Amino acid sequence: MLEYRYDTQLLIEGEDLDENEIVEYFNNNFKGDCLLAVGDDELIKIHYHTNEPWKVLEYCRTLGEIYDIVVEDMERQSRGLKG
């Protein structure tokens, strides 16, 4: 049994994006692990394990345009099913 079930990945395209501010917001507002927020001030890639991926998407949408969104159910994958 995984503590955080959903592998959430996406790209954020915007202006004046700040990796450190995004990481701080995640750490203070979401429950999850394996956070990766990398890029520059115009494009950030997010990778995060959480049980509430919709909250991640809602927040990221406030930062800019989001796309290449992938939410995979890692529990299903661990049973050999499509995530």
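This is a predicted model: local features need pLDDT of at least 70, side-chain atom pairs count only at pLDDT 80 or more; totals for chains, interfaces and linings use all residues.
Q: What makes the pair of Tyr 25 and Phe 30 edge-to-face?
A: The ring centres of Tyr 25 and Phe 30 are 5.7 Å apart, with 70° between the planes.

Q: Why is Phe 30 called buried, but Tyr 25 partly exposed?
A: Phe 30 has 14% relative accessibility, and buried means under 20%. Tyr 25 comes to 33%, which falls between 20% and the 50% above which a residue is exposed.

Q: Why is the pair of Phe 26 and Tyr 48 edge-to-face?
A: Their centres lie 4.9 Å apart and their planes stand at 90°, so this pair passes the cut-offs of 6.5 Å and 60 degrees. The partners sit in distant parts of the chain, Phe 26 in helix α1 and Tyr 48 in strand β3, 22 residues apart.

Q: How do you know whether Phe 26 and Tyr 48 are buried or exposed?
A: Phe 26 has a relative accessible area of 0% and Tyr 48 has 3%.

Q: What makes Asp 16 exposed, and where does it lie?
A: Its relative accessible area is 66%, and exposed means over 50%. Asp 16 lies in the loop between β1 and α1, and has a positive phi of about 55° although it is not a glycine.

Q: Why does Asp 68 count as exposed?
A: Asp 68 reaches 53% relative accessibility, so it passes the 50% cut-off. Its place is in strand β4, with a positive phi of about 50°.

Technical notes:
Residues are numbered from 1 along each chain as its sequence is written. Side-chain values use heavy atoms; hydrogens and water are left out. Helices (H or I, at least four residues) and strands (E, at least two) are DSSP runs, numbered from the N terminus. Buried means under 20% relative accessible area, exposed over 50%, partly exposed in between (1.4 Å probe, protein chains only). Rings of Phe, Tyr and Trp (its six-membered ring) pair if their centres lie within 6.5 Å; planes under 30 degrees apart count as stacked, over 60 as edge-to-face and the rest as tilted.
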